[in-house]
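Here are my notes on the model, written to be read with the structure open beside you.

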Amino acid sequence: MAGRAQPSGPAGSGAPGLLPLLLLLLSAAAIIPRGDGQNLVTEDVTVVEGDVATISCRVKNSDDSVIQLLNPNRQTIYFRDFRPLKDSRFQLVNFSNSELRVSLTNVSVSDEGRYFCQLYTDPPQEIYTTITVLVPPRNLVIDIEKETAVEGEEIELNCTAMASRPATTIRWFKGNKELTGKSEVERWSDMYTVTSQLLLKVGREDDGVPVICLVDHPAVKDLQTQRYLEVMYKPQVRVSQNYPLQGLTREGEPLELTCTAFGKPQPTDMRWLRVDDEMPQHVVVSGSNLLISNLNKTDNGTYRCEASNAVGKSHADYMLFVYDPPTTIPPPTTTTTTTTTIPTTITDSRAGEEGAIRSVDHAVVGGVVAVVVFAMLCLLIILGRYFARHKGTYFTHEAKGADDAADADTAIINAEGGQNNSEEKKEYFI
């Protein structure tokens with residue numbers, strides 16, 4: 001090589017035996033083990049297609065030996081700081097006695113392989129580094145079996161990641177929930193195409209929810225695509241009571257009901273009917289509203305609101321029970337006990353509300369009875385104490401003075417005297 005041909009000139013003109021001896025000594029010094037016996041150090045390189053790869057050949061213990069870099073075909077890329085190879089993508093980054101660092105721009109798959117670092121000692125030392133080229137997926141596409149699905153159907157979705165290296169991993173998400181798909185890998189030359197299949201049973205809650213296909217690949221981050229589900233479903237019907245807002249439906253009072261329905265597509269047909277009977281003549285139906293201005297017992301029954309769309313028909317029922325008008329409870333007295341008739345328990349759509357009112361009636365009646373009984377007992381006790389006290393006082397004054405008499409005659413005389421005295425202190429019995 002040219003680098004070693006240059007010293008032969010001076011050897012022929014000077015001391016012919018001295019130069020070979022000097023070269024022999026230098027060669028012997030070059031092969032003396034230093035440290036671990038290997039002076040060259042390098043690292044493998046992993047690079048994404050189109051990026052820049054940097055190859056570094058380093059000498060741990062430099063002895064000014066020549067460093068060169070060769071490609072996988074063992075063609076010299078750089079000899080010291082000179083580039084014999086005419087590929088301008090290789091550029092010198094750093095050159096010294098201890099390092100040769102070269103960059104390779106716009107890396108392609110064809111650049112993958114082993115690159116050799118050589119140190120010109122005797123014998124020469126060599127080490128290789130491997131360049132691995134990563135190729136992200138070219139396209140990421142979701143194909144859906146049906147653009148519009150009906151509630152309860154099972155649809156098929158396929159996500160394809162084309163021309164990647166290595167093969168990619170595909171993950172599925174519905175909203176924030178991860179789903180499980182089935183993947184197939186096809187290899188074309190040095191590239192891989194991956195297709196993942198997802199079977200999904202849809203419901204009305206899935207309408208407008210995104211289905212996401214996400215790629216796990218070392219060459220790319222956060223690569224994903226998504227499709228929004230479009231699901232058609234039957235109407236969802238609800239009947240609400242506008243008046244009375246709270247309480248029981250009583251005879252003589254009005255009743256107003258409203259029917260609301262939501263579906264996809266939006267319901268176009270909505271009607272009211274009475275289950276197992278004809279609609280009363282005085283019932284007024286206006287669109288989604290039903291009005292009874294004056295309730296009576298003949299209105300008892302189940303009223304149904306039906307709504308339909310292209311998918312199907314649904315309904316909601318309202319059970320009406322008309323109660324008697326409210327009665328006024330007379331005020332309680334100490335001599336009269338008030339009784340209240342408790343309504344008969346009837347099961348309808350407002351059973352919980354009726355139970356609460358019946359509980360209130362029981363409490364009122366019990367309270368009134370307790371007050372009356374307590375008042376009568378108090379009155380009897382007071383009267384009994386009063387009678388007992390005044391009766392004892394009367395007998396005491398009637399026989400006053402007779403107890404101290406020595407005989408019967410004296411007792412009569414004392415009693416008469418006591419009678420006269422009693423005229424002075426008269427007592428009145430009430």
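This is a predicted model: local features need pLDDT of at least 70, side-chain atom pairs count only at pLDDT 80 or more; totals for chains, interfaces and linings use all residues.

1. As a reminder, a disulfide is a covalent bond between the sulfur atoms of two cysteines. Counting bonded cysteines along the chain, the pattern is 1-2, 3-4, 5-6.

2. Start with C57 and C117, which form a disulfide with their sulfur atoms 1.8 Å apart. The torsion about the S-S bond is -65°, and the link is left-handed. C57 sits in strand β3 and C117 in strand β8, so this bond ties together parts that are 60 residues apart in sequence. Are these two buried or exposed? C57 has a relative accessible area of 1%, so it is buried, and C117, at 0%, is buried as well.

3. Next along is the bond between C159 and C213, with an S to S distance of 1.8 Å. Its torsion about the S-S bond is about -80°, so this disulfide is left-handed too. C159 belongs to strand β12 (residues 154–164) and C213 to strand β17 (residues 210–217), so the pair ties together parts that are 54 residues apart in sequence. Both cysteines are buried.

4. The remaining pair is C259 and C305, whose sulfur atoms are 1.9 Å apart in the disulfide they form. Here the torsion about the S-S bond is about -85°, so the link is again left-handed. Distant parts of the chain are linked by it: C259 is in strand β20 (residues 255–264) and C305 in strand β24 (residues 301–308), 46 residues apart. At 3% relative accessibility, C259 counts as buried; C305 is buried with a relative accessible area of 0%.

5. Now the packing. The largest nonpolar core has 26 residues, and the members that touch the most others are A53, L69, I77, F90, L100, Y115 and I131. The largest share, 4 residues, comes from β3. There's also a second, separate core of 20 residues, which includes L157, W172, L179 and V202.

6. Setting aside neighbours within four places in sequence, L100 is in contact with I55, S56, C57, I67, Q68, L69, Y78, R80, L92, N94 and F95. Note C57 among those contacts: this is the cysteine that is bonded to C117.

7. β8 and β9 run antiparallel over 7 bridges, and they form a hairpin with 4 residues between them.

8. Last, have a look at the open sheet of 4 strands, ordered β14-β13-β17-β18 with antiparallel pairing. Which strands stand at the edges? They are β14 (177–179) and β18 (220–228); each has a single partner strand, so one side of each is left without a neighbour in the sheet. On average, neighbouring strands here are turned by 30° against each other, direction ignored. Within the sheet, β13 (residues 169–174) and β14 pair in the antiparallel sense over 3 bridges, and K174 stands opposite K177 in β14. The sheet also holds β17, the strand in which C213 lies.

Note on methods. Residues are numbered from 1 along each chain as its sequence is written. Side-chain values use heavy atoms; hydrogens and water are left out. A nonpolar core is a set of buried Ala, Val, Leu, Ile, Met, Phe, Trp, Tyr and Cys residues joined through side-chain atoms within 4.5 Å. Buried means under 20% relative accessible area, exposed over 50%, partly exposed in between (1.4 Å probe, protein chains only). Helices (H or I, at least four residues) and strands (E, at least two) are DSSP runs, numbered from the N terminus. Contact means heavy atoms within 4.5 Å. A disulfide is a pair of cysteine sulfur atoms within 2.5 Å. Two strands pair if DSSP finds at least two bridges between them. Axes are lines fitted to C-alpha atoms, for helices over the stretch in contact, and angles run from 0 to 180 degrees between N-to-C directions.
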